[in-house]
Amino acid sequence: MEAHREMAYATCADGNAIGVNCGLITKHVGNEEFRAKFRAKYCAEPTTEEKCQLLFQRLVDAELAKRYFAADSQAVIMTCDLRPTECDDPLVYERYLLDSHNAHVREKHAKRVNAIEEEREQRQAEQTREAVEGTVAVISAAGQIAREVDYQKNGGTKCHSYPDVFSGAVTYCKSR
């Protein structure tokens with residue numbers, strides 16, 4: 001579910017031109033109405049067209065970086081350097097960013113899913129190991145009980161092993 005929230009979409013399901021994670025930013029900011037509002041707000045004071053364009057480009061770059069935070073921008077730039085005529089269109093550049101972003105989001109999600117699955121497998125292996133150890137202990141105890149019953153009935157030799165700090169274990173035997 002988290003991957004779905006981090007994905008970016010070229011169009012918005014609700015029909016809006018732009019949303020939190022949908023719609024193409026370059027298409028939205030390229031709209032003449034948006035550009036006119038931008039000029040009125042940021043370029044109204046005496047400023048050059050060059051400074052206004054620089055402010056506009058910084059806004060676009062910041063919006064693209066915020067939306068496509070998982071994109072490998074350097075790889076996209078290299079792709080555009082290899083195909084310069086394609087990237088003359090800002091929409092193509094943004095689509096490269098969108099594809100890169102979504103690929104990295106899916107990869108991050110897949111790694112998270114794999115880590116969860118590995119953790120689950122480790123827990124299951126630990127539970128299996130504990131179950132086997134428990135079964136071995138029960139069988140060992142049953143064997144000791146059977147040997148004790150046999151010793152009580154038939155006599156013979158009875159041995160017990162006890163942990164020892166120095167040698168690891170000490171075994172005592174007695175005959176009857």
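**Exercise 1.** Determine whether Lys111 is buried or exposed, and which residue Lys111 forms a salt bridge with.

*Solution.* Lys111 counts as exposed because its relative accessibility is 53%, where exposed means over 50% relative accessible area, buried under 20% and partly exposed in between, with a 1.4 Å probe and protein chains only. Next, Lys111 forms a salt bridge with Glu107, their closest N and O atoms being 3.4 Å apart; the term requires a side-chain nitrogen of Lys or Arg within 4 Å of a carboxyl oxygen of Asp or Glu. Glu107 itself is partly exposed, at 40%. Finally, the two residues, Lys111 and Glu107, are four residues apart in helix H6 (residues 90-154), which means about one helical turn separates them.

The model is predicted, so local features need pLDDT of at least 70 and side-chain atom pairs count only at pLDDT 80 or more, while totals for chains, interfaces and linings use all residues. Residues are numbered from 1 along each chain as its sequence is written, and side-chain values use heavy atoms, leaving out hydrogens and water.

**Exercise 2.** Describe how Glu63 and Lys66 are placed in helix H4.

*Solution.* Glu63 and Lys66 lie three residues apart in helix H4 (residues 49-67), about one turn of the helix. Their closest N and O atoms are 3.7 Å apart, in a salt bridge. Glu63 is partly exposed at 29%, whereas Lys66 is exposed at 57%.

**Exercise 3.** State how many salt bridges a search of the whole structure finds.
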